[in-house]
Amino acid sequence: MLPPLYEDHPIAAMTTLGIGGTARHFSSPSSTQELAALHQWARARTLPTFVLGGGSNLLVDDHGFDGVLIQLSSRDCRVIDEQGDELRLRVDAGMPWDELVAFCVAQGLRGVECMSGIPGTVGGAAVQNIGAYGQEVCDVIETVEVFDGVSQRSYSNDQCSFAYRHSRFKARSEQGTITAVTLRLQRRASARVAYAELIAALGEQEAELLAIREAVLAVRRRKSMLVDPSDPNTRSAGSFFVNPTITRQQHASIESLSGKALSAHGKGPMVKVSAAWLIEQAGFPRGYRSGQVGLSPAHALAIINLGSARATEVLCFARSIRDAVFESFQVELRPEPLWLGYRGLAPLPL
């Protein structure tokens, strides 16, 4: 059965950046059957489809999307197996990610508490392989269920090709629509944290799950990294660039060029460094503005919409940052958001 379809549907308000034109068609299916009917309807009209989660890691073209925009409305979450302290939780892709984290913490389920406050949906979390403060969603994903437009199939964790802020679903959009994710979690009242920022906020390295969640939310709030309508600095796509991985020789060269210490994480020949640090040292401090686009005063990784920015302005601003960092340190920053253009989804065209 085909769910209701709406024409010329505004997209901007459905994204955290608040930018973009309209979708030619929009629908919100509540079942796989309705999703299948939508795909069949779109194929018959040679229209592309795109499934929108929370709109938190996306820049939408000023011309909008000439296709069928889909937002899954099913949000079921249930335990499907439990053995001792370990259980498997099956969650619909449309469930907001932070609602899931709040549920897990309330139930004493360890494994996602450090990812509190990340916007978007469970399906989007799997696509982006989200992570924060030492946790990544790939660490707890067992399987990902995908509808390819015709049939449903399940991918094991190994088949998802998870990497830093990456999965096969991000690299190959033709893989279809994530409809559900199964997580493997443990019942624990407390957990250890690794990040100094969290340890300082908690006052200890091991704490109860709820205390960890509250500390993470407080840290993210200070950085304007929570979606809050009352905070204009949260009108962003989150971290706009991923932290680059460079050689130790590059790291030493950057410290020599800047005359400042740059934190590095990693034990082998490659280390991960802060994109925010590179951006600020390249001449773009927090709060930097250019027209209707700027950097958050709280975090140099967040490009914000100052009120009436257009997608073309954001792209121009992001290019200037990328080029300045490369000119200063010979490190190429990779954008994290995806681009929903007039005819479909693609990597951000920087």
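These notebook entries record what I looked up in the predicted model shown above.

**Ground rules.** I number residues from 1 along each chain as its sequence is written, and my side-chain values use heavy atoms, with hydrogens and water left out. Because the model is predicted, I take local features only at pLDDT of at least 70 and side-chain atom pairs only at pLDDT 80 or more, while totals for chains, interfaces and linings use all residues.

**Entry 1: nonpolar cores.** I looked up the nonpolar cores, meaning sets of buried Ala, Val, Leu, Ile, Met, Phe, Trp, Tyr and Cys residues joined through side-chain atoms within 4.5 Å. I call a residue buried under 20% relative accessible area, exposed over 50%, and partly exposed in between, using a 1.4 Å probe and protein chains only. The largest core holds 55 residues, and Trp97, Leu100, Val144, Ile178 and Leu185 touch the most other members. I then listed the contacts of Val144 (heavy atoms within 4.5 Å). Beyond four places in sequence, Val144 meets residues including Cys160, Phe169, Ile178 and Val181. I also noted a second, separate core of 37 residues, with Ala237, Ala275, Trp277 and Ala318 among its members.

**Entry 2: helix H6.** Helices (H or I, at least four residues) and strands (E, at least two) are DSSP runs, numbered from the N terminus. After H6 comes Ser224, with a positive phi near 55°.

**Entry 3: Ser296.** Is Ser296 buried or exposed? I found Ser296 buried, at a relative accessible area of 1%. Ser296 sits in the loop between strand E21 (293-295) and strand E22 (302-305). The side chain of Ser296 reaches the backbone nitrogen of Ala298 at 3.0 Å. Leaving aside neighbours within four places in sequence, Ser296 touches residues including Ser224, Asn233, Arg286 and Ile304.

**Entry 4: salt bridges.** Side chains of opposite charge can pair when their charged atoms come close. I counted a salt bridge where a side-chain nitrogen of Lys or Arg is within 4 Å of a carboxyl oxygen of Asp or Glu, and the count is 18.

Asp66 pairs with Arg24, the closest N and O atoms being 3.2 Å apart. The two partners are 42 residues apart, Asp66 in strand E5 and Arg24 in strand E2. Asp66 is buried at 13%, whereas Arg24 is partly exposed at 38%.

Arg310 pairs with Asp62, with the closest N and O atoms 3.8 Å apart. This pair links parts of the chain that are 248 residues apart. Arg310 is partly exposed at 46%, and Asp62 is buried at 17%.

Arg165 pairs with Glu136, and here the closest N and O atoms are 3.2 Å apart. Arg165 lies in the loop between strand E12 and helix H4, and Glu136 lies in strand E10, so the pair ties together parts 29 residues apart in sequence. Arg165 is buried at 12%, while Glu136 is partly exposed at 21%.

Lastly, I noted one network, in which Glu86, Arg88, Glu142 and Arg184 are joined by salt bridges that share partners.

How values were computed
Polar contact = N/O pair within 3.5 Å; in protein donor to acceptor, adjacent residues only side chain to side chain.
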